[in-house]
Amino acid sequence: MNLNEIIYLDYNSTTPIDKRVLDAMSPFLSDNFANPSSTHHFGINLNEAVKKARIQVADFIGAEENEILYTSGATEAINIAIKGVAENYSAKGKHIITDSTEHYAVLDTCKHLENKGYEITYLPVSKEGLIDLTELRNSLRADTILVCVMYVNNETGVIQPIKEIASIAHEAGALFMTDATQATGKIEIDVDDLGIDLLCLSGHKMYVPKGIGALYMRKEIKLPTFMHGGGHEKGIRSGTLNVPGIIALAKACEIAQSEMKQDSDRISALLNELESKLLKIDGAFVNGNREHRICNTTNICFPNVDANVLIGRMKNVAVSNGSACTSAVVKPSHVLTAMGLSEDEAFGSIRFSLGKFNTQQEVLSAIKLISELVTNQYNDA
Ligand SMILES: *Cc1c(COP(=O)(O)O)cnc(C)c1O
């Protein structure tokens with residue numbers, strides 16, 4: 001697959017690699033291969049590169065070096081955080097609050113804890129995809145140990161009021177965690193200002209190869225060992241460090257820090273063009289709040305269209321329909337149904353997620369193709 005041949009509008013699934021990231025990491029795939037834990041000079045040099053990278057990642061979200069734990073990705077970071085808090089704070093209580101539009105990494109981890117005797121409250125969301133802060137306040141109890149609400153929804157781009165949520169959680173004595181996988185690299189994040197205790201992020205959503213992510217954990221927080229072994233990463237996550245991935249992630253943070261603003265402005269203009277043209281299609285509407293939304297994502301419902309069929313007919317345009325295919329049964333998106341869409345409306349919805357390599361030409365071609373396909377599907381029906 002060549003990026004020049006496909007129109008890739010699925011950046012929320014994963015991103016192509018930034019050439020500068022590749023260049024930064026490539027010495028660590030060849031000459032600089034040592035184990036950073038080794039005590040010889042090669043190891044020490046690598047250890048310094050890893051340390052520098054950790055400072056860069058920490059700096060990117062306003063954290064300190066010793067508050068960053070490297071993981072294989074966001075899913076692992078989420079597992080370490082939620083299961084770890086559940087275990088370490090169980091003396092205080094066994095109640096966790098999250099919401100119904102989280103990624104399955106959060107939802108399934110919570111389901112697992114439910115089977116272990118924890119009680120989980122899944123907050124509903126409005127038609128616009130936002131959680132209700134009064135509902136959150138009413139759900140908090142003396143035994144609530146964690147509130148976990150995602151920063152940016154991967155299917156709709158809706159941004160939750162993280163700062164308010166954190167402050168409400170703290171008033172009630174609970175920790176606040178956020179899955180920021182779709183926020184990092186798109187909006188500025190300062191964990192102190194926002195009041196975030198735990199945050200996860202993923203490299204492959206930020207123009208970095210797959211297999212690297214990070215967990216931010218405020219230094220006062222203690223988590224139990226997740227992976228037993230050589231005692232890496234504060235003894236929480238043992239295993240030889242993924243040095244090339246770490247260097248790549250740090251480079252991506254450095255690039256995002258200086259270019260995020262201008263990239264977001266450009267992507268946002270492309271998204272507006274795409275959205276406004278596609279909304280001219282009869283009956284089309286946007287899923288989710290458009291004011292509190294990340295710059296690169298729109299989720300559009302084309303009533304009476306089967307998004308799966310449509311996506312199958314788009315040979316050179318990559319978009320997503322958000323439905324999950326489990327054991328040959330196609331289920332509608334849990335995010336869209338939580339927002340009150342009917343199954344048919346959910347099946348008629350398409351997520352467009354743009355990124356920094358998209359061009360206006362690509363957007364214009366996609367608009368033309370999708371408009372034709374949707375109109376044809378209406379005519380077929
Ligand atoms: C992609 C994604 C994840 C999972 O990240 P991995 O690094 O692939 O494990 C979790 N949450 C959100 C919101 C995502 O978009």
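What share of the contacts in the protein chain between residues at least 6 apart in sequence joins residues at least 24 apart? With contact meaning heavy atoms within 4.5 Å, the share is 72%. The structure is a predicted model, in which local features need pLDDT of at least 70 and side-chain atom pairs count only at pLDDT 80 or more, while totals for chains, interfaces and linings use all residues. Residues are numbered from 1 along each chain as its sequence is written, and side-chain values use heavy atoms, with hydrogens and water left out.

The protein chain contains twelve helices and 14 strands (DSSP runs numbered from the N terminus, H or I of at least four residues for helices and E of at least two for strands). Its radius of gyration, taken over C-alpha atoms, is 21 Å, close to the 21 Å from the globule rule for 381 residues, so the chain is as compact as a globular protein of that length; the rule is 2.2 Å times the number of residues to the power 0.38. Along the principal axes, the C-alpha atoms fill a box of roughly 70 × 55 × 40 Å.

Of the 381 residues, 55% are buried (under 20% relative accessible area, 1.4 Å probe, protein chains only). The accessible surface of the protein chain is about 16400 Å², with 51% belonging to carbon and sulfur atoms (Shrake-Rupley method, 1.4 Å probe).

I281 is located in the loop between α8 (243-278) and β9 (285-286). This residue is buried, at a relative accessible area of 9%. A distance of 42 Å separates the C-alpha atoms of I281 and L198, which are 83 residues apart along the chain.

Notes. Buried < 20%, exposed > 50% of the residue type's maximum accessible area, 1.4 Å probe, protein only.
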